[in-house]
Amino acid sequence: MGVVNATPDSFSDGGDLATAEAGIAHGLALVTQGAAIVDVGGESTRPGAERVDARTEQHRVLPIIAALAERGVRVSVDTMRASTARAAVAAGADTINDVSGGMADTDMLGVVAATGVDYVVMHWRAHSRLMQSQAVYADVVGEVIAELLARRDAAIAAGVDASRIILDPGIGFSKLGPHNWSLLRELGRFNELGHRVLVGVSRKRFIGDLLDGRGPTERDAATAAISAWCAQHDIWGVRTHEVAMQRDAILVGSRFIPDNG
Ligand code: PMM
């Protein structure tokens with residue numbers, strides 16, 4: 001899953017894609033490099049970020065989604081807002097990627113059920129402004145799984161088809177470095193939950209911390225090492241800013257699954 005952040009303030013690529021034309025071109029380039037799906041977002045979720053209003057968010061993402069879908073690209077919309085999700089599906093998106101797992105907007109699960117598209121349920125505890133204060137766990141893997149399954153159950157209760165649900169541990173969201181590494185170390189447990197699993201580590205801060213403070217665009221090789229690890233665990237997808245190197249890493253990682261050639 002390649003990322004198009006149509007935001008002026010995302011931590012790793014924000015500001016570069018300020019016009020719809022640039023977002024469309026970037027999405028098409030990611031597909032050429034091997035992305036199977038392009039995730040388009042118009043609201044930064046980095047720690048400390050302020051929210052944008054629905055109009056601004058939709059003005060940023062809808063033209064990009066429509067243009068990519070028209071060219072046959074599979075598109076997901078990265079949004080916590082039901083109104084944006086509904087408009088994005090009308091514009092051609094076939095997946096709703098909700099980092100709040102339905103917690104940020106009480107209308108979201110109903111919209112997901114009504115549209116019938118794929119739904120990414122990510123583990124989340126609080127909005128960006130507050131999220132790192134919620135990074136407190138006695139058993140991070142057990143708690144993340146329990147909280148994710150509660151959101152999965154809420155989605156099903158709202159009418160979402162279980163086969164449409166994709167689970168995501170939410171690396172970096174209300175989590176400190178050691179929490180992220182614990183979740184990655186025990187990735188296999190997420191794949192036993194009966195759903196497709198998506199993982200997003202691309203260029204995140206905990207990788208920069210491991211690399212002595214290296215900046216976001218200098219973290220792609222380390223991201224690739226984690227992509228290989230994800231593929232080795234038969235994870236359904238990795239969400240990534242850089243695609244070419246990640247694709248190679250996924251090909252290699254998948255070779256370590258028994259009976260896979
Ligand atoms: N991470 C970010 C944004 N959206 N969606 C999912 N499903 N999983 C993630 O880990 C995730 C996400 C933050 O990264 P960005 O601001 O660099 O896109």
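Select the ligand and the side chain of N97 to begin: a nitrogen atom of the ligand lies 2.7 Å from an N or O atom of that side chain. The model is a predicted one, in which local features need pLDDT of at least 70, side-chain atom pairs count only at pLDDT 80 or more, and totals for chains, interfaces and linings use all residues. Residues are numbered from 1 along each chain as its sequence is written, and side-chain values use heavy atoms, with hydrogens and water left out.

**The ligand and its shell**

At G200, a backbone N or O atom lies 3.3 Å from an oxygen atom of the ligand. Of the 420 Å² of accessible area that the ligand has on its own, the protein covers 98% (Shrake-Rupley method with a 1.4 Å probe; for residues, only the protein chains shown count as cover).

Which residues of the shell are closest to the ligand? They are N97, D168, K204, R239 and H241, out of 17 residues that surround the ligand (a residue is near a molecule if one of its heavy atoms lies within 4 Å of it). Coloured by class, the shell divides into 6 nonpolar, 7 polar and 4 charged residues (Ala, Val, Leu, Ile, Met, Phe, Trp, Tyr, Cys and Pro count as nonpolar, Asp, Glu, Lys and Arg as charged, and the others, Gly among them, as polar).

**N97 in its strand**

Return to N97, which belongs to strand β4 (residues 95-98); helices (H or I, at least four residues) and strands (E, at least two) are DSSP runs, numbered from the N terminus. N97 counts as buried because its relative accessibility is 2% (buried means under 20% relative accessible area, exposed over 50%, partly exposed in between, with a 1.4 Å probe and protein chains only). Show D39 next: its side chain is joined to that of N97 by a polar contact of 3.1 Å (a pair of N or O atoms within 3.5 Å; within protein, one must be able to donate a hydrogen and the other to accept it, and residues adjacent in sequence count only if both atoms are side-chain atoms).

**The cavity**

Now select V199, G200, V201, S202, T223, I226, S227, C230, V238, R239 and T240, which line the largest cavity. Its volume is about 40 Å³. On a 1 Å grid over the protein atoms alone, a cavity is a set of points where a 1.4 Å probe fits but cannot get out, and lining residues have an atom within 4 Å of a point. Grid points are joined across faces, edges and corners, and a volume is the space filled by probe spheres set on the points. Helix α9 supplies the largest share of this lining, 4 residues.

Move to D212, in the loop between α8 (205-210) and α9 (220-232). Phi of D212 is near 55 degrees, a positive value in a residue other than glycine. Most residues other than glycine have a negative phi. D212 counts as exposed because its relative accessibility is 75%.

Finish at D234, in the loop between α9 and β8 (237-238). D234 is not a glycine, yet it has a positive phi of about 60 degrees. With 52% relative accessibility, D234 also counts as exposed.

Methods: On a 1 Å grid over the protein atoms alone, a cavity is a set of points where a 1.4 Å probe fits but cannot get out, and a pocket is an open set with protein on both sides within 12 Å along at least five of seven lines; lining residues have an atom within 4 Å of a point.
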